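Colleague: Before we discuss this model, could you put the sequence and the structure side by side? I would like to go through it with a few pointed questions.

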Amino acid sequence: MTNLQRWLFYATLFAVPYLAIVLGTVQTALTSKYLLHIQLLPLLLLILFGIYSVWTVLYRTFTFNDCPEAAKELQEEILEARKDLIAKGFKFRD
Amino acid sequence: MPTNSHKYSILLPTYNEKDNLPIIIWLIVKYMKASGYNYEVIVIDDGSPDGTLDVAKDLQRIYGEERIVLRPRAAKLGLGTAYVHGIKHATGDFIIIIDADLSHHPKFIPEFIELQQKGDYDIVSGTRYAGNGGVYGWDFKRKLISRGANYLTQVLLRPNASDLTGSFRLYKKQVLEQCIASCVSKGYVFQMEMLIRARQHNFSIAEVPITFVDRIYGTSKLGGTEIVQFAKNLLYLFATT
């Protein structure tokens with residue numbers, strides 16, 4: 001099953017009972033009482049997923065590790081490498 | 001010294017890297033020598049006009065033809081085919097791919113090897129997004145785009161790796177061959193597809209946190225065309241894998 005098929009599968013699992021209730025094919029006291037809530041359910045789920053996504057991406061952006069020590073270490077090693085390579089007879093072309 | 005009977009072929013595709021090539025090779029030699037593993041560096045230069053190949057020849061004279069292998073190509077033919085070309089000439093049973101622009105530090109290679117041996121993993125991938133991994137030289141916008149794209153990829157493709165667009169990895173040789181053979185995309189999204197194909201083939205993937213030091217000179221490679229290309233490939237892989 002591809003990712004797309006998986007998504008469509010779950011969407012169908014949701015859509016069948018949802019449409020049955022919203023279009024009135026299935027009617028119970030409970031579904032009639034909460035019809036508006038049920039009608040708005042997909043919107044609510046979408047908003048919740050959106051909030052979760054934005055929060056996750058922002059959190060990960062702010063906690064993205066900065067590694068200035070890696071850059072510093074590299075700069076030092078570049079100097080060391082240049083010195084050592086020149087000593088080995090290498091000619092830099094800059 | 002943690003040594004074994006394996007040989008590690010380090011593939012270095014280059015294009016106009018005359019300044020970085022001597023440094024990256026010096027670093028590879030430094031850390032591989034210290035770790036004691038048997039290795040070779042295969043430089044695949046795509047006809048760089050800046051004379052990268054001449055630099056590579058000088059380095060070969062210093063470090064020997066056993067260690068530095070030159071397999072140049074006449075023109076810029078793309079990353080995927082550069083790996084295929086490199087693998088063809090590789091004498092090792094493991095392949096390590098690393099960028100020559102110094103954004104990937106060779107000090108992590110021994111860590112890749114140790115982790116691979118611990119669990120007999122098919123692939124060990126460097127990750128900027130987990131553990132002590134991280135980046136240097138990225139502003140807020142770049143981090144946001146990177147995290148956003150990564151999140152989207154995780155949600156849509158469910159890969160079993162946290163860093164899909166990185167390109168610092170160790171593969172078993174035949175695993176890399178199989179992954180490349182099943183890839184359709186070109187350019188930098190190719191790296192993402194490699195790990196998705198790996199999941200399809202049920203290859204095991206382990207991760208090592210790495211630090212990524214963005215090139216101080218030169219432009220960032222994440223422009224509008226890259227984003228469009230990324231989105232197209234993401235949707236393609238979403239629909240087909």
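Colleague: Is D120(B) buried or exposed?

Modeller: This is a predicted model, and the answer rests on its computed coordinates. D120(B) sits in the loop between α4 and β5 of chain B, and its phi is positive, about 45 degrees, although it is not a glycine. Since a residue with 12 or fewer other C-beta atoms within 10 Å counts as exposed, and D120(B) has 9 of them, D120(B) is exposed.

Colleague: L102(B) also has a positive phi although it is not a glycine; is L102(B) buried or exposed?

Modeller: L102(B), with a phi of about 75 degrees, is found in the loop between β4 (94-97) and α4 (109-119) of chain B. The threshold for burial is 20 or more other C-beta atoms within 10 Å. L102(B) has 22 such atoms, and therefore it is buried.

Colleague: Which strand runs parallel to β5(B)?

Modeller: β5(B) is joined by 3 bridges to strand β7 (residues 169-172) of chain B, and these two run antiparallel, with V124(B) standing opposite L170(B). The parallel pairing involves 5 bridges, and within it G126(B) stands opposite V208(B). The strand that runs parallel to β5(B) is β8 (residues 205-209) of chain B.

Colleague: Turning to strand β2 (residues 38-45) of chain B, which residue in β2(B) stands opposite L12(B)?

Modeller: Strand β2(B) is mostly covered, with 7 of its 8 residues buried. Strand β1 (residues 7-14) of chain B runs parallel to β2(B), and 8 bridges join the two. In this pairing, the residue opposite L12(B) is V43(B).

Colleague: How far apart are the end C-alpha atoms of helix α8 of chain B?

Modeller: Helix α8(B) covers residues 224-240, which is 17 residues.

Colleague: How wide an arc do the buried residues of α8(B) cover around the axis?

Modeller: The buried residues of α8(B) are F230(B), N233(B), L234(B), L237(B) and F238(B). They fall on the same side of α8(B), because the arc they cover around the axis is only 140 degrees.

Colleague: Which element of chain B gives the largest share of the side that touches chain A?

Modeller: The contact takes 33 residues from chain B and 28 residues from chain A. Among the elements of chain B that give two or more residues to this side are α1 (20-35), α2 (52-63) and α8. The residues of the side divide into 17 nonpolar, 10 polar and 6 charged, and the largest share, 7 residues, comes from α5(B).

Colleague: Finally, what is the radius of gyration of chain A?

Modeller: Chain A has 4 helices and 0 strands, and buried residues make up 6% of its 94 residues. Its C-alpha atoms fill a box of roughly 90 × 30 × 20 Å along the principal axes. A compact globule of 94 residues would have a radius of gyration near 12 Å, but that of chain A is 29 Å.

How values were computed
Residues numbered from 1 in each chain as written. Chains lettered and ligands numbered in written order. Predicted model: local features only at pLDDT ≥ 70, side-chain atom pairs only at ≥ 80, totals over all residues. Pairing = 2+ DSSP bridges. Expected span 1.5 Å × (residues − 1). Arc of directions from axis to C-beta. Contact = placed C-beta atoms within 7 Å. Nonpolar A, V, L, I, M, F, W, Y, C, P; charged D, E, K, R; others polar. Rg over C-alpha atoms; globule rule 2.2 N^0.38 Å.
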